Amino acid sequence: MSVWRQPSRDPLWREEFPVHTEDERYVTRRQFAKFLTLTSLGMAVGNGWILVRSWIRRPSAYPSVSVARIGEVAVGGVKLFTYPTPNDPCILVRTAEDAYVAYSQVCTHLSCAVYFSAKTRRLECPCHNGSFSVADGSVIAGPPPRPLPKVVLERRGADLVATGMESA
Amino acid sequence: MAEPAPRHKNDLVVIDAALALIATLLVVQMWLLSATLEAYLSGHDRVVLPAAVVSAVIFLACLGLSLFAGRGDERSRL
């Protein structure tokens with residue numbers, strides 16, 4: 001039976017509950033158009049939801065947290081910490097004698113924990129071979145769609161202090 | 001089941017064209033939604049408002065075309 005067969009003059013209730021089972025599968029153009037329009041409404045609501053979320057999301061005040069002492073981490077070494085909440089793992093890398101960078105440790109692809117590879121000098125995700133630049137957190141290879149959020153660091157005396165997060 | 005009603009061929013072509021247009025708009029809207037989500041998660045909030053407006057306009061266009069197709073479908077059954 002063709003989906004695009006000619007409809008009858010029967011009232012809708014008789015078309016919806018036909019005698020023959022195969023007639024139930026018949027979709028009128030009107031029903032198809034209604035289905036597409038409802039799908040469109042769903043997507044418009046989705047866009048509206050994102051808009052509302054962006055209005056609700058206020059730039060939060062990040063705490064200042066000491067994450068390491070100067071010299072605590074060797075050159076090429078890392079230290080794991082959490083920032084801004086205990087549920088947000090981050091990674092601090094000492095890239096040179098006097099250079100420190102820190103990023104969220106959560107891969108932007110499927111949230112696996114990234115690690116620093118001293119050999120390639122990249123932050124790598126072991127799950128799907130994504131890799132990020134240690135210089136700015138940008139995506140170098142693999143499936144991650146976005147750069148790693150960067151932790152803003154400040155040097156206060158002998159301490160490295162995290163003062164905020166930056167999305168690229 | 002009764003004999004199918006005679007339909008005007010032109011009516012059917014116009015209805016099918018309207019359905020094809022709705023489907024095309026839907027594909028654009030899907031892309032818009034995924035791109036907006038991507039931008040929002042990247043922290044680029046500037047695109048969110050225009051995207052929501054465009055998505056609403058596309059929905060209204062789909063609604064209009066759907067009503068048009070429904071009316072044409074009704075008319076072609078007469």
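C90(A) touches F81(A), T82(A), Y83(A), A102(A), Y103(A), S104(A), Q105(A) and V151(A), leaving aside residues up to four places away in sequence; contact here means C-beta atoms, placed from the backbone, within 7 Å. This is a predicted model, with local features needing pLDDT of at least 70, side-chain atom pairs counting only at pLDDT 80 or more, and totals for chains, interfaces and linings using all residues. Residues are numbered from 1 along each chain as its sequence is written, and chains are lettered from A in the order in which they are written.

**Cores**
- C90(A) is also among the residues with the most contacts inside the largest nonpolar core, which has 20 residues.
- Such a core is a set of buried Ala, Val, Leu, Ile, Met, Phe, Trp, Tyr and Cys residues joined through C-beta atoms within 7 Å; buried means 20 or more other C-beta atoms within 10 Å of a residue's own, again placed from the backbone.
- The largest share of this core, 4 residues, comes from β3(A); strands are DSSP runs of E, at least two residues, and helices runs of H or I, at least four, numbered from the N terminus.
- A second, separate core of 18 residues takes in A44(A), I50(A), L33(B) and A51(B), among them.

**Helix α2(A)**
- α2 spans residues 29–56 of chain A and reaches 40 Å from first C-alpha to last, close to the 40 Å expected, that being 1.5 Å times one less than its number of residues.
- Its buried residues include A44(A), N47(A) and I50(A).

**Chain contacts**
- 28 residues of chain A are in contact with 38 residues of chain B.

Note on methods
A residue is buried if 20 or more other C-beta atoms lie within 10 Å of its own, exposed if 12 or fewer, and partly exposed in between; C-beta atoms are placed from the backbone. Two residues are in contact if their C-beta atoms, placed from the backbone, lie within 7 Å.
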